[in-house]
Amino acid sequence: MADVKIQALKNGPLIVQGSIEVLDSNGQPMTPPRPTVALCRCGQSNNKPFCDGMHGKAGFESVCVRQIPS
């Protein structure tokens with residue numbers, strides 16, 4: 001089993017569970033707010049790269065499902 005698990009939520013953020021290091025755009029470490037973090041996918045968060053729930057107000061829609069080859 002993987003040490004890190006990432007799940008894309010329907011119409012929401014990426015949920016990351018496990019031991020990770022988050023770096024800002026300058027390569028400097030950021031302190032995640034908790035052991036399991038939600039990373040923004042909609043681009044509207046005021047706390048990037050972490051999700052603050054703005055996807056709901058922004059009407060963000062995205063469904064990630066496994067595609068089975070035909």
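1. Two strands are taken as paired if DSSP finds at least two bridges between them. That criterion applies to Val-16, whose bridge partner in β5 is Val-37. The structure discussed here is a predicted model, and the points below should be read accordingly.

2. Overall composition. The chain contains one helix and five strands, and along the sequence these elements follow the pattern β-β-β-β-β-α. The C-alpha atoms fill a box of roughly 45 × 35 × 20 Å along the principal axes. Of the 70 residues in the chain, 16% are buried. The accessible surface comes to about 5400 Å², and carbon and sulfur atoms hold 50% of that area. Among contacts with a separation of 6 or more, 27% are made by residues 24 or more positions apart.

3. The sheet. Three strands form an open sheet in the order β1-β2-β5, with antiparallel pairing. β1 and β5 stand at the edges and have a single partner strand each, so one side of each lacks a neighbour in the sheet. From one strand to the next, the twist averages 25°. As a general point, strands of a sheet pair through backbone hydrogen bonds, either parallel or antiparallel.

4. Pairing of β1 with β2. Strand β1 covers residues 5–8 and is joined to β2 by four bridges, the two strands running antiparallel.

5. Pairing of β2 with β5. Strand β5, residues 37–39, is joined to β2 by three bridges, and this pair also runs antiparallel. The pairing of Val-16 with Val-37 in β5 belongs to this part of the structure.

6. The helix and His-55. Helix α1 spans residues 54–58 and includes His-55. How is His-55 classed, buried or exposed? His-55 counts as buried because its relative accessible area is 19%, and the cut-off for a buried residue is under 20%. Leaving aside residues up to four places away in sequence, His-55 touches Asn-11, Gly-12, Pro-13, Cys-42 and Phe-60.

7. Nonpolar surface patch. Which residues form a nonpolar patch on the surface? They are Val-4, Ile-6 and Ile-20, with about 230 Å² of accessible area together. Ile-20 lies in the loop between β2 (14–17) and β3 (22–23). With a relative accessible area of 31%, Ile-20 is partly exposed; the value therefore meets the requirement of over 30% for membership of a patch.

8. The loop at Thr-31. Thr-31 is placed in the loop between β4 (29–30) and β5. Thr-31 is classed as exposed because its relative accessible area is 71%, against a cut-off of over 50%. The C-alpha atoms of Thr-31 and Glu-21 are separated by 8.2 Å, the two residues being ten apart along the chain.

Key:
Residues numbered from 1 in each chain as written. Predicted model: local features only at pLDDT ≥ 70, side-chain atom pairs only at ≥ 80, totals over all residues. Heavy atoms only, no water. Patch = residues over 30% accessible without salt bridge, like charges linked within 9 Å, V, L, I, M, F, W, Y side chains within 5 Å. Areas by Shrake-Rupley, 256 points an atom, 1.4 Å probe, with all protein chains shown as cover. Salt bridge = Lys/Arg side-chain N within 4 Å of Asp/Glu carboxyl O. Buried < 20%, exposed > 50% of the residue type's maximum accessible area, 1.4 Å probe, protein only. Contact = heavy atoms within 4.5 Å. Axes fitted to C-alpha atoms, helices over the stretch in contact; angles between N-to-C directions.
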